[in-house]
Amino acid sequence: MSKKRSARKPVRKAKKQSRVRSASSDKKANRRAGTGRAGGKTARSKRSTHAKKSAVRSAGAAPSGRSTATATKPLGGGLKPVRAKPGGRAPAAGGVALATDSTLAASESPQARKARAGRIIAGLHRLYPDADCALDHVSAFELLVATILSAQSTDDTVNKVTPILFERYPTPAAMAEAQPADVEKIVHSTGFFRQKTKSIIGMAKKVVESFDGRIPDRMEDLVTLPGVARKTANVVLGTHFRKNEGVVVDTHVGRLAHRLALTWTSKNDKDAVKIENDLMEVLPRPEWTFVGHALIWHGRRVCSARKPDCKACTLSPHCPSAGRFE
Ligand code: SF4
């Protein structure tokens, strides 16, 4: 939570501080991108794998010495790259001119869009072949709890509190008996700790009462659990159960879906329901979970909210937004 500023502090200074904080956050996010881990493997082995791949692939950038200035190449389906007009307004902080993106996406034929999406998927597989969830977990229960805690927080913060939490409450049955005050103390740093504690304990009680203490593997059952909506259920189904029931749309995926013009019915990058429906239409089902994870990695490493690195981005030949942020 930001500290209260002095009433006498000049506005210009406050804005400068805000910019500095933001840049610092981006750097932290980039650092995190190289140390995350995914489900199914141990935290240490995943961190090691990601670190090695990070070193080899240089964070999604094209190999050095090869030209990456591809923004002016025509895109498939007659879709043209969009550039910011000289002297025009800079893209809004944290996003792009979304109305233009929607127009772009709508102007492309469904066949051309699917073909272009295929090329984007191939590029993501080359960049992030092992893209997976960065939340540490060894079971569906741990992943579900970690995902609930990750709302309005960072994976790093969640990964710091969950070892303590799961040591004390390793199963839904143990969590169902937990005292809220004890859980609140452990998860305090993730923010919204009272509501999250209520959700975690409520979820555990319902799992014990209605599902014999086992995390269900069906969307219609998962969304009946306290604190679990479609996005959280998608994370657990795709990452732990390896079921492609939907596409996880978080802040990175929403932003990249717009920049890559892979959504055409959503008005802005917060419209998660429409973005997910569009992605489910344009992406082959077996790729849903992978693309969700890979776009999160690409959003952290290359296509950040404020400063996308289009010159280094190997997806730029297939991205209508390439170069518009220069
Ligand atoms: S970095 Fe640029 S080229 Fe790459 S996906 Fe983002 S907007 Fe498109």
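Two residues are in contact if their C-beta atoms, placed from the backbone, lie within 7 Å. Keep that in mind as you work through these exercises on a predicted model.

**Exercise 1. Find out how enclosed helix H11 (residues 230-240) is, and which helices its buried residues pack against.**

Solution. 
- Step 1: List the buried residues. In H11 they are Thr232, Ala233, Asn234, Val235, Val236, Leu237, Gly238, Thr239 and His240.
- Step 2: Compare with the length of the helix. Buried residues account for 9 of the 11 in H11, so the rest of the structure largely encloses this helix.
- Step 3: Look for the partners. The buried residues of H11 pack against helix H5 (140-149), helix H10 (219-222) and helix H14 (288-301).
- Step 4: Glance past the end of the helix. Just after H11, Arg242 has a positive phi of about 55 degrees.

**Exercise 2. Work out where the buried residues of helix H4 (residues 110-127) lie around its axis.**

Solution. 
- Step 1: Check the length. H4 has 18 residues and spans 25 Å from its first C-alpha to its last, close to the expected 26 Å.
- Step 2: Pick out the buried residues, which are Arg113, Arg116, Ala117, Ile120, Gly123, Leu124 and Leu127.
- Step 3: Look down the axis. The buried residues of H4 fall within an arc of 120 degrees, so they line one face of the helix.
- Step 4: Recall the general rule. An α-helix has 3.6 residues a turn, so residues three or four places apart point the same way.

**Exercise 3. Decide whether Gln152 and Asp212 are buried or exposed, and say where each one sits.**

Solution. 
- Step 1: Locate Gln152, which lies in the loop between H5 and helix H6 (155-168). Its phi is positive, about 60 degrees, although Gln152 is not a glycine.
- Step 2: Count its neighbours. Gln152 has 9 C-beta neighbours inside 10 Å, and the cut-off for exposed is 12 or fewer, so Gln152 is exposed.
- Step 3: Repeat for Asp212, in the loop between helix H9 (193-210) and H10. Asp212 is not a glycine either, yet has a positive phi of about 55 degrees.
- Step 4: With 9 C-beta neighbours inside 10 Å, Asp212 also counts as exposed.

**Exercise 4. Describe the residues that surround the ligand.**

Solution. 
- Step 1: Count them. The ligand is surrounded by 13 residues, and the closest are Cys303, Cys310, Cys313, Cys319 and Ala322.
- Step 2: Sort them by class. This shell holds 9 nonpolar, 2 polar and 2 charged residues.

Conventions. Residues are numbered from 1 along each chain as its sequence is written. This is a predicted model: local features need pLDDT of at least 70, side-chain atom pairs count only at pLDDT 80 or more; totals for chains, interfaces and linings use all residues. Helices (H or I, at least four residues) and strands (E, at least two) are DSSP runs, numbered from the N terminus. The expected span of a helix is 1.5 Å times one less than its number of residues. A residue is buried if 20 or more other C-beta atoms lie within 10 Å of its own, exposed if 12 or fewer, and partly exposed in between; C-beta atoms are placed from the backbone. The arc is that of the directions from the helix axis to the C-beta atoms. A residue is near a molecule or strand if its C-beta atom, placed from the backbone, lies within 6 Å of it. Ala, Val, Leu, Ile, Met, Phe, Trp, Tyr, Cys and Pro count as nonpolar, Asp, Glu, Lys and Arg as charged, and the others, Gly among them, as polar.
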